[in-house]
Amino acid sequence: MNSQTLSEQAVALHRSGRMAEAESLYLQVLAAHPADFTARHLLGVLRAQSGRMDEALADIGAALALNPDDPEALLNHANVLKSLNRLEDALAGFDRALALKPGWPQAENNRGTVLQAMGRHDEALATYDRALAVAPDNVEALNNRGSVLQDLRRPADALASYDQALRLAPRFATAFNNRGSALLDLKRFADALGCFDRAQALRPGDVQILNNRGNALQGLLRYDEAVAAYDQALALSPGYAEALNNRGNALQQLKRHDEALASFDLALTSKPEAFAGAAIAALNLCDWTRSAQIGAQMAGRIMAGEPISPWTLLGYSQDEMLQRRCAENAIAARFPNLPPALAGRPYRHGKIRLAYVSSDFAHHPVATQVVQLIESHDRSRFEVIGIGTNAEDGSSQRRRLIAAFDTFIDAADLPAEAVARQLRQMEVDILVDLNGHTRGDNFDILSHRPALVQATWLGYAGTTAAPFMDYVLADAVVAPNAAAFSETILNLPVCFFANDSSRKIGVAPSRAEASLPQDGFVFCCFNNNFKITAPVFALWMRLLAALPGSVLWLKQAGDKAKANLQQAAKEAGVDPARLVFAKPAALDVHLARHRLADLFLDTAPYGAHATACDALYAGLPVLTERGTAFASRIGASFLTAAGLPDLIAESAADYERLALELARDPARLKAAREKLASGSPLFDTQRLARDMEAAFEAMLAAVK
């Protein structure tokens, strides 16, 4: 059989997928004719298709030595270089192919994938557009164009590109998966789930699709189903770090912190981002051995540029400059390229158009804190707009908030850019963010800079480090260090915190009904247990040891965290039965039962915020240590405003000494209670409204 016939047979076998037989024939041809360009080139293509990239590179390179100007060989050589992650060489190869065959859609498309992998997204987009100008029906280029538009944070445009690809190829599973991903970016979680379901039906067993499906279910708050989706992915790929990390996040929401930590730990072997999840899970479990290991790595990782959740760091460190660097890392990772600012020249209105944006306009402490303030704004000078980016939960808090705003925008299912453009069309003067670096943040809206002035307030105790945020509303106690903030600090004269002074205090149960001793001293802390650190708990145990009959009254904890706290008490020589865990109660009863306690003990480095305010509102004195960061100084701000500065300790030793003195001096605690009962500017919402309005006018004056 001659070489021509062998070569034709090899090509036929290759096309039919009979790779081993085709390879054998290509080798026979080359044994007889080592300079056969076609056999050498196609042998390289076959080996590339079989995943043998180094061999493929050598074969196609040898073919190019025989015919350096063959566009197909140049294209395939560049494809192999890309597979080997030799991106610069691959780009040069595609450029050579296009020089010989200008406008070649396949080469333009593949060149775009290299540019995208190199992070050169604008150039990649232009390359895909050139491919589509020649071949508008190239579904691969349409899909890739959508992908790079997502990289450029243009999910709505990406969606249009995916839709065009799917009109041409209705069974294109990758495009359905990518379309779902764009819908996730747009927070259209139900639509995203539908896309992932279509993709899964077309490509069962694809772990990426299963993982993305779990993400859509998380967005819909269907956490149990999300965990099941991640479990399906992990059954197929047990070391899939992305699914392990996302599974940990879903388990956190289900308060299954021990399982979450185990999931994060597995993910950490290959995915450093799981570190932040493990960090908060360890705190939630009061697993102080694990949190100490994590804490020892925190600063180094942040200084190396790792994007760790700034909110998580608040539970580990009071170093405000480290907190700023952490926030800078998070913003830089989130916004490698900022969108153009929408706000232009100052507007002229009869009233200042003031907007508040939050993902917590629901049954949430932030909603409870701000509602009376919103009701109290001077409508002769301000038009007040609310933007809720969370789903309707049917709560009374949400209904009251919606009624309090002059205009309310339900933005739960709206793309961030669409919300930003709506605010720009409304000519909003001042946009106040109530999230900062907390779950459900609104940075995607704020990054478009739809308002003349943008300020952050209340939700997050620290700097956003976002270049599109102008001000942080604070007070002189919580934010004395301007260098720790990228924003301009605008201090309110009394306290930055908002309260609802119309809240009713119900009827308290008896101490016996609350499982408290009738006569013993009751220390109380209703903070979430992730704020209880090893040094704080050790100090508390020393207090119990020094005061026979005393107890520590805590918020109900999960089984694992409760067991860890009880074990820590036992190791400190304190009977675990002296830890009393409060059962859930209606808000009015919860406020009332504070009166069963004698002293509220604050935590560090992340102090009590709403919980400290609840205690003071109910008349329970709070003991705090003035920390070195916003999150650890809020208790000091409250006590300063309440006229109780003598309950602010300046060190841990001072805190311990003061706690014992107060426990042994009932008259001093009684005087503190009487001071709280006499009224405090801390709960004067009308005054806070006027102070904030003056701050808003000062912000606008600086612009105009």
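Predicted model: local features only at pLDDT ≥ 70, side-chain atom pairs only at ≥ 80, totals over all residues.
Trainee: Does glutamate 693 count as buried or exposed?
Mentor: The cut-off for a buried residue is under 20% relative accessible area, and arginine 690, at 33%, counts as partly exposed. Glutamate 693 has a relative accessibility of 0%, and therefore counts as buried.

Trainee: Where do aspartate 500 and arginine 400, whose side chains meet in a salt bridge, lie in the chain?
Mentor: The side chains of aspartate 500 and arginine 400 meet at 2.9 Å, N to O. This pair links distant parts of the chain, since its members are 100 residues apart. At 5% relative accessibility aspartate 500 is buried, whereas arginine 400, at 30%, is partly exposed. Aspartate 500 lies in the loop between β7 and β8, and arginine 400 in helix α22 (residues 396-404).

Trainee: How many salt bridges does the structure hold?
Mentor: One of them joins the side chains of glutamate 123 and arginine 120, at 2.8 Å from N to O; glutamate 123 is partly exposed at 36% relative accessibility, and arginine 120 is partly exposed at 29%. A network of salt bridges also links Glu23, Arg40, Arg47, Arg52, Glu55 and Asp59. For the structure, the count of salt bridges is 46.

Trainee: Which helix supplies the largest share of the lining of the second largest pocket?
Mentor: The second largest pocket has a volume of about 370 Å³, and of the 22 residues that line it, the closest to its centre are Thr533, Pro535, Val536, Ala604 and Pro605. Three helices, α18 (288-303), α25 (534-546) and α30 (652-663), each supply at least two residues of this lining. The largest share is five residues, and it comes from α25.

Trainee: How many charged residues are in the lining of the second largest pocket?
Mentor: When the lining is divided by class, twelve of its residues are nonpolar and six are polar. The charged residues of the lining number four.

Trainee: Which residues of α25 are buried?
Mentor: Helix α25 has 13 residues and reaches 18 Å from its first C-alpha to its last, close to the 18 Å expected at 1.5 Å a residue. A residue is counted as buried when its relative accessible area is under 20%. In α25 the buried residues are Val536, Phe537, Leu539, Trp540, Met541, Leu543 and Leu544.

Trainee: Which peptide bond is cis, with omega near 10°?
Mentor: Most residues other than glycine have a negative phi, and most peptide bonds are trans. Proline 605 lies in the loop between β11 (599-601) and α28 (610-617), and Pro605 is also among the residues closest to the centre of the second largest pocket. The cis bond runs from alanine 604 to proline 605.

Trainee: Arginine 449 and serine 515 interest me for their backbone angles; what is the phi of serine 515?
Mentor: Arginine 449 has a positive phi of about 45° although it is not a glycine, and it is found in the loop between α24 (443-446) and β5 (453-456), buried with a relative accessible area of 18%. Serine 515 is placed in the loop between β7 (488-492) and β8 (522-525) and counts as exposed at 51% relative accessibility. The phi of serine 515 is positive as well, near 65°.

Trainee: Which strands stand at the edges of the open sheet of six strands?
Mentor: The strand order is β10-β9-β8-β11-β12-β13, with parallel pairing. Two bridges join β12 (residues 622-625) to β13, and glutamate 625 has alanine 649 of β13 as its bridge partner. An edge strand has a single partner, so one side of it is left without a neighbour in the sheet, and the strands in that position are β10 (579-582) and β13 (648-649).

Technical notes:
Residues numbered from 1 in each chain as written. Heavy atoms only, no water. 1 Å grid on protein atoms, 1.4 Å probe; cavity = no way out; pocket = protein on both sides within 12 Å on 5 of 7 lines; lining within 4 Å. Points joined across faces, edges and corners; volume = space filled by probe spheres on them. Helix = DSSP H or I, 4+ residues; strand = E, 2+ residues; numbered from the N terminus. Nonpolar A, V, L, I, M, F, W, Y, C, P; charged D, E, K, R; others polar. Expected span 1.5 Å × (residues − 1). Buried < 20%, exposed > 50% of the residue type's maximum accessible area, 1.4 Å probe, protein only. Pairing = 2+ DSSP bridges. Salt bridge = Lys/Arg side-chain N within 4 Å of Asp/Glu carboxyl O.
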